[in-house]
Amino acid sequence: MNFAPIVLFVYNRPWHTQQTIEALLKNKYAAESELIIYSDGYKQIKDKDEVRKVRSYINTIVGFKKVTIHESPYNLGLAQSVIKGVTETVNKFERVIVLEDDLKTSPYFLTYMNEALDAYSSMDNVYSVNGYMFPIESALEECVLLPFTSTWGWATWKDKWQAFDYVMPNKETIQNSTFLKNRFNLADYNYSMMLNYGNNSWGIRWYYSVFIRNGLGIFPSKSLVDNIGFDGSGTNCNNKSDKSVNIFDKKILVKKKLSLDLEIYGKIANLFTIINNKKNRNGIFTRFKLIFKRLW
């Protein structure tokens with residue numbers, strides 16, 4: 001197996017970073033995988049001490065094949081840091097697995113990601129491998145093809161990342177076409193509105209880049225990733241919640257799929273519709289709205 005390097009983006013959350021690393025180290029292929037960490041510089045003086053703590057911790061990490069650390073002397077922001085780090089790494093290694101510092105992974109995460117990267121590397125219309133699955137019920141324990149991208153534990157190849165378009169020149173075409181806008185959105189969730197987001201949203205640009213090429217992504221039928229950043233500590237989320245997604249603790253079967261899984265797609269679309277049509281009830285729907293927003 002051709003093990004992809006893992007790129008981890010960290011900032012000012014030492015506890016979350018440690019949880020992410022400890023979960024990764026429980027993976028079978030951690031010792032065969034290179035870990036490349038991009039540590040962003042502090043934006044405000046109040047973050048300086050926490051950034052220092054994170055850097056102190058990451059310099060103690062062992063258990064991977066190799067650990068390389070890039071410490072930025074100034075603040076790039078999440079979007080620029082991710083674009084820079086993914087581009088540098090994928091250009092060197094041809095493929096990359098990407099994580100942020102609030103993602104806790106299954107012990108089978110690296111197995112699934114690397115097997116899927118191998119299995120789908122030659123498929124022109126598959127642009128990413130994704131470790132997160134929306135909270136739906138499914139009896140499947142295998143991968144599925146969906147017309148989405150995700151930012152919660154994902155991977156790609158050099159030739160597919162070259163499609164990344166920061167400028168998004170055709171975004172207004174999508175927004176002004178009812179047909180394209182409905183395809184770009186999911187059920188009642190208005191992703192096309194996010195095309196107007198500022199420089200700190202790299203995820204919507206990645207989704208746009210895949211969408212205009214009719215691209216697809218590989219997803220596990222059950223989630224191998226949980227986001228533990230819903231505690232007010234994250235860059236793009238300040239909602240406090242004790243809700244979490246159950247991480248699947250078995251191996252996801254990687255099969256070569258040639259078509260969309262319409263049943264899974266339908267369940268996700270139905271979930272989006274239900275959540276968008278509900279009022280905040282015990283904080284659950286607020287959390288899921290934030291989940292869908294943060295995935296891009």
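The model is predicted: local features need pLDDT of at least 70 and side-chain atom pairs count only at pLDDT 80 or more, while totals for chains, interfaces and linings use all residues. Residues are numbered from 1 along each chain as its sequence is written, and side-chain values use heavy atoms, with hydrogens and water left out.

The buried residues of H1 are His-16, Thr-17, Gln-19, Thr-20, Ile-21, Ala-23 and Leu-24; buried means under 20% relative accessible area, exposed over 50%, and partly exposed in between (1.4 Å probe, protein chains only). Among the elements against which these residues pack are strand S1 (6-10), S2, H2 and H4, where contact means heavy atoms within 4.5 Å.

Strand S2 (residues 34-39) runs parallel to strand S3 (residues 66-71), and six bridges join the two; strands pair if DSSP finds at least two bridges between them. In this pairing Tyr-38 stands opposite His-70 of S3. Together with helix H2 (residues 48-58), S2 and S3 make a right-handed β-α-β unit, right-handed being a clockwise path from the first strand over the helix to the second when the strands point away from the viewer.

The loop between S2 and H2 holds Gly-41, which counts as buried because its relative accessibility is 2%. Beyond residues up to four places away in sequence, Gly-41 touches Tyr-11, Arg-55, Ser-72, Tyr-74 and Asn-75.

The largest nonpolar core has 67 residues, and Phe-109, Tyr-112 and Phe-184 are among those that touch the most other members. Such a core is a set of buried Ala, Val, Leu, Ile, Met, Phe, Trp, Tyr and Cys residues joined through side-chain atoms within 4.5 Å. Helix H4 (residues 109-119) gives the most to this core, with six residues. A second, separate core of 20 residues includes Trp-154 and Phe-164.

Most residues other than glycine have a negative phi. Met-168, however, has a positive phi of about 55°, as does Asn-214. Met-168 is buried, at 3% relative accessibility, whereas Asn-214 is partly exposed, at 48%.

How values were computed. Helices (H or I, at least four residues) and strands (E, at least two) are DSSP runs, numbered from the N terminus.
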